[in-house]
Amino acid sequence: MKITERKVGKVTVINIDPGDVVLCDLCNKDYTNSDEKGGFLFSGKAVCPDCAPEFMKSVKLYDEERFIVSEARSDETFRDFVYRIRRREY
Ligand SMILES: [Zn+2]
């Protein structure tokens, strides 16, 4: 993560660039250097392979499948999946 600060008048603007870091939006686990496969995107949240099975249960329980925007391909790591999402290729 890269954090830059700049002054705009009297205000300091802090810009946080997430760079290539890939975190699960549920458990915050760092997948930047992980080759674990799977995961899905649920209403703007990247759900990692660890969280996916439990989370999917509640998705089905509450009939929220329509909020699953995209899923990792069968041979796709969670990291590559998130990069693809960031490129808006879903
Ligand atoms: Zn997770």
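Buried residues make up 18% of the 90 residues in the chain, where a residue is buried if 20 or more other C-beta atoms lie within 10 Å of its own, exposed if 12 or fewer, and partly exposed in between, with C-beta atoms placed from the backbone. This is a predicted model, in which local features need pLDDT of at least 70 and side-chain atom pairs count only at pLDDT 80 or more, while totals for chains, interfaces and linings use all residues. Residues are numbered from 1 along each chain as its sequence is written.

The chain holds two helices and five strands, helices (H or I, at least four residues) and strands (E, at least two) being DSSP runs numbered from the N terminus. Along the sequence they follow the pattern β-β-β-β-α-β-α. The radius of gyration, at 16 Å, is well over the 12 Å that the globule rule gives for 90 residues, so the chain is more spread out than a compact globule; the radius is taken over C-alpha atoms, and the rule is 2.2 Å times the number of residues to the power 0.38. Taken along the principal axes, the C-alpha atoms fill a box of roughly 50 × 30 × 25 Å. Among contacts between residues at least 6 apart in sequence, 43% join residues at least 24 apart, a contact meaning that the C-beta atoms of two residues, placed from the backbone, lie within 7 Å.

Strand β1 (residues 2–8) and β2 (residues 11–17) pair in the antiparallel sense over seven bridges, pairing being assigned if DSSP finds at least two bridges between two strands. Within this pair Glu5 stands opposite Ile14 in β2, and in the hairpin, which has two residues between the strands, Gly9 takes a positive phi near 65°. None of the seven residues of β2 is buried, so this strand lies largely in the open.

The loop between β2 and β3 contains Asn28, which has a positive phi of about 70° although it is not a glycine. Asn28 is exposed, with 8 other C-beta atoms within 10 Å.

Three strands then form an open sheet in the order β4-β3-β5, with antiparallel pairing. At its edges stand β4 and β5 (68–71), each with a single partner strand, so one side of each is left without a neighbour in the sheet. From one strand to the next the twist averages 25°, where axes are lines fitted to C-alpha atoms, for helices over the stretch in contact, and angles run from 0 to 180 degrees between N-to-C directions. Three bridges join β3 to β4, and Phe42 stands opposite Lys45 in β4. In the loop between these two strands lies Ser43, another residue that has a positive phi, of about 50°, although it is not a glycine; Ser43 is exposed, with 11 other C-beta atoms within 10 Å.

Of the 10 residues of helix α1 (residues 52–61), one is buried, so this helix lies largely in the open. Just after α1, Asp63 takes a positive phi of about 60°. Ile68, in strand β5, counts as partly exposed, with 15 C-beta neighbours inside 10 Å. Leaving out residues up to four places away in sequence, Ile68 touches Phe40, Phe42 and Val59, and its C-alpha atom is separated by 9.6 Å from that of Met56, 12 residues apart along the chain.

In helix α2 (residues 78–86), Phe78, Arg79, Phe81 and Val82 are buried. Seen down the axis of α2, these buried residues fall within an arc of 160°, so they line one face of the helix; the arc is that of the directions from the helix axis to the C-beta atoms. What covers them includes β4 (45–47). After α2 comes Arg88, whose phi is positive, near 65°.

Of its 14 residues, Phe40, Val47, Cys48 and Phe78 touch the most other members. The elements that give two or more residues to this core are β3 (40–42), β4 and α2. Leaving aside neighbours within four places in sequence, Cys48 is in contact with Cys24, Leu26, Cys27, Lys29, Tyr31, Gly39 and Phe78.

Notes: Core = buried A, V, L, I, M, F, W, Y, C linked by C-beta atoms within 7 Å.
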